[in-house]
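User: I would like to go through a structure with you, one topic at a time. Could we begin with charged pairs?
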Amino acid sequence: MTRAPSVRRSTGSEDKDYRSYSFWLETAGEDLAPRPSLDGPAEADVAILGAGFTGLWTAYYLLSREPSLRVVVLEAEIAGFGASGRNGAWCSSGFPVSPGELQRRFGREATRELLIEMRGAVDEVGRVAAAEEIDAQFFRGGQLRVARGPSQLPSIERAYESFRGLGLERDVRLLDADETTRRVRITDARGALFNPHCATIHPARLARGLARTVERLGGEIFERTPVTDYEEAGENGSRPRLMTDSGEVRARTVVLAGEAYLARLRKLRRQLLPIYSLIVLTEPLSEERWAEIGWEGRECVASNRYTVDYLSRTEDGRILFGGRGAPYYYGSRVKDEYDMHEPTHEMLRSTARAWFPALEGARFTHAWGGPLATPRDWMPTMSYNPSTGVATARGYTGQGVATANLSGRTLADLILRRDTGITRLPTVNYRSRPWEPEPVRWLGARFVQRGLMKVDDRAERTGKPPTGKTLAEWLGRH
Ligand SMILES: Cc1cc2nc3c(=O)[nH]c(=O)nc-3n(C[C@H](O)[C@H](O)[C@H](O)COP(=O)(O)OP(=O)(O)OC[C@H]3O[C@@H](n4cnc5c(N)ncnc54)[C@H](O)[C@@H]3O)c2cc1C
């Protein structure tokens, strides 16, 4: 299936074919029939906007810790509709801000604690999936950051040194070209950084299974119920609330867990830049092709390009090849039709063939995409303000599968006023500055996107690593 964008251009939620939004939703093992919508005003202890990983993990930990809470989740489409049901399947301890930059901003100890918690989040996803009998296909194959071409070698060496500087290098290994090729045969691979703290999952099965678990614990999920606005608690004692066309939900705490789609809310428009990440998927490959490729360890694989690529091997023997490169849309617009961008999908198919000559003649059966959310300095936040009654976790910059689990536990602890190790991490109550107003935002985002592609191309052509000194690289960091 390569879904025609026209499938997505339905006018209302009613006629959406949710299975068409990703291979994962198509193979979620259920018909994705929407749950009932909210049909009038309601009261709750905690009202959550969004049934992706962030909203669902938050509901899960709240209810696990305080079973008597009334937790209501309002979802504009269906649980797992967003990035959580469409991603590259990496459940990784990677964090959007590099270890070096984290240290510069927050110091060594805080960075260490955060990265250790990220590793714990990978284990925790696997633990809960097993404990709650969610068939999430959790498989801990680790991660390979491959240096494709000589220009990428310094970057994996620097990454290894960062782990060493933090005392976190145990189990992380630099592999030479031969060791890399013994794991997976990728053209021009010069070496790789192996990190065991990473697993693959079936994202939609995890999201849908979590939603059912939340309901079993007593949470209520209303689907096809878009939140149109929210209000903080008032000085006059009024409670915070989520507003919808069919009534509002008043609660002690409201949680905003809509990631890239939050840019649609007027109050949050400049907090997050929606960036589209796109994916192509092959048919299940024959044994002969796999014999040529190797990859028995099913590691998550990426190279070191600025214009991010990410790969995984599915349980049924396909190659998933994802990458950025689709354009930013003026005004931070998020629309279903932007999920499909044929020039980017075609670029991904041809890059996949260049990485794996064994794909010659193999079919690509699926193509999809979705928006992820980038804060101004790439730093996710996990926040709760008791005086406004508003909590949020967002801004994962495309690394949100394991991070959302940490968010869920952190928000639950903050909301329940538990002072734990994770409520003191640098992500807690972190505030990024807002993005520039338009048209500067559009001009800047497009300039950086194009500039970084050129930097990547030049590095590949010349074999020399990026200098870090081009305007696009500088703007990308500031
Ligand atoms: C193509 C792609 C590939 C990715 N690959 C990876 C990967 O391999 N590994 C990784 O770690 N991360 C990856 N990410 C990022 C990761 O999937 C996300 O960071 C993570 O799933 C975010 O979860 P979330 O619950 O915060 O947001 P989402 O999953 O986007 O969920 C938000 C939910 O809120 C709902 N919503 C939004 N606004 C409203 C509203 N106003 N009212 C009601 N409901 C609303 C949406 O419908 C949606 O269901 C990828 C993202 C994309 C798009």
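User: Which residue's side chain meets that of Glu 223 in a salt bridge?
Analyst: Arg 35 does, with an N to O distance of 2.9 Å. This pair links distant parts of the chain, 188 residues apart. Glu 223 lies in the loop between E8 and strand E9 (227-231), while Arg 35 lies in the loop between H1 and strand E1 (42-49). Please keep in mind that this is a predicted model.

User: Is Glu 223 buried or exposed?
Analyst: Glu 223 is buried, since its relative accessible area is 0%. Arg 35 also counts as buried, at 13%, because the cut-off for buried is under 20% relative accessible area.

User: How many salt bridges are there by this rule?
Analyst: The count comes to 38. One of them joins Asp 419 and Arg 424, whose closest N and O atoms are 3.1 Å apart. Asp 419 counts as exposed at 59% relative accessibility, and Arg 424 counts as exposed at 56%.

User: Which residues do salt bridges with shared partners join into one network?
Analyst: That network consists of Glu 30, Arg 35, Arg 208, Arg 212, Glu 215 and Glu 223.

User: And what about Glu 179, which partner does it have in a salt bridge?
Analyst: Its partner is Arg 173, and the closest N and O atoms are 3.8 Å apart. Glu 179 is partly exposed, with a relative accessible area of 24%. Arg 173 is partly exposed as well, at 41%.

User: Why can such pairs form at all?
Analyst: Side chains of opposite charge can pair when their charged atoms come close.

User: How many of the residues of H7 are buried?
Analyst: Ten of the 14 are buried, so H7 is mostly covered. Among them are Pro 203, Leu 206, Arg 208, Leu 210 and Val 214.

User: What do those buried residues pack against?
Analyst: They pack against helix H1 (23-26), helix H2 (53-65), helix H4 (108-131) and strand E8 (220-222). H7 is followed by Gly 218, which has a positive phi near 110°.

User: How does helix H11 compare with its expected span?
Analyst: Helix H11 (residues 440-462) has 23 residues and reaches 32 Å from its first C-alpha to its last, close to the expected 33 Å. Its buried residues include Arg 441, Val 448, Leu 452 and Val 455. E12 and helix H12 (471-477) are among the elements that cover the buried residues of H11. Just after H11, Gly 463 takes a positive phi of about 75°.

User: Now the ligand, please. Which residues come nearest to it?
Analyst: Thr 54, Glu 75, Ser 84, Val 227 and Val 401 come nearest, out of 34 residues around the ligand. An N or O atom in the side chain of Glu 75 is 2.6 Å from an oxygen atom of the ligand. Val 227 uses a backbone N or O atom, 2.8 Å from a ligand nitrogen atom. For Val 401, a backbone N or O atom lies 2.9 Å from an oxygen atom of the ligand.

User: How much of the ligand does the protein bury?
Analyst: The protein buries 97% of the 1000 Å² that the ligand exposes when taken alone.

User: What is the phi of Trp 295?
Analyst: The phi of Trp 295 is positive, about 65°, although this residue is not a glycine. Trp 295 sits in the loop between H8 and E13 and is buried, with a relative accessible area of 0%. Asn 429, also not a glycine, has a positive phi of about 55°. Asn 429 is in the loop between H10 and H11 and counts as partly exposed, at 40% relative accessibility.

Methods. Residues numbered from 1 in each chain as written. Predicted model: local features only at pLDDT ≥ 70, side-chain atom pairs only at ≥ 80, totals over all residues. Heavy atoms only, no water. Buried < 20%, exposed > 50% of the residue type's maximum accessible area, 1.4 Å probe, protein only. Helix = DSSP H or I, 4+ residues; strand = E, 2+ residues; numbered from the N terminus. Contact = heavy atoms within 4.5 Å. Salt bridge = Lys/Arg side-chain N within 4 Å of Asp/Glu carboxyl O. Near = heavy atom within 4 Å. Polar contact = N/O pair within 3.5 Å; in protein donor to acceptor, adjacent residues only side chain to side chain. Areas by Shrake-Rupley, 256 points an atom, 1.4 Å probe, with all protein chains shown as cover. Expected span 1.5 Å × (residues − 1).
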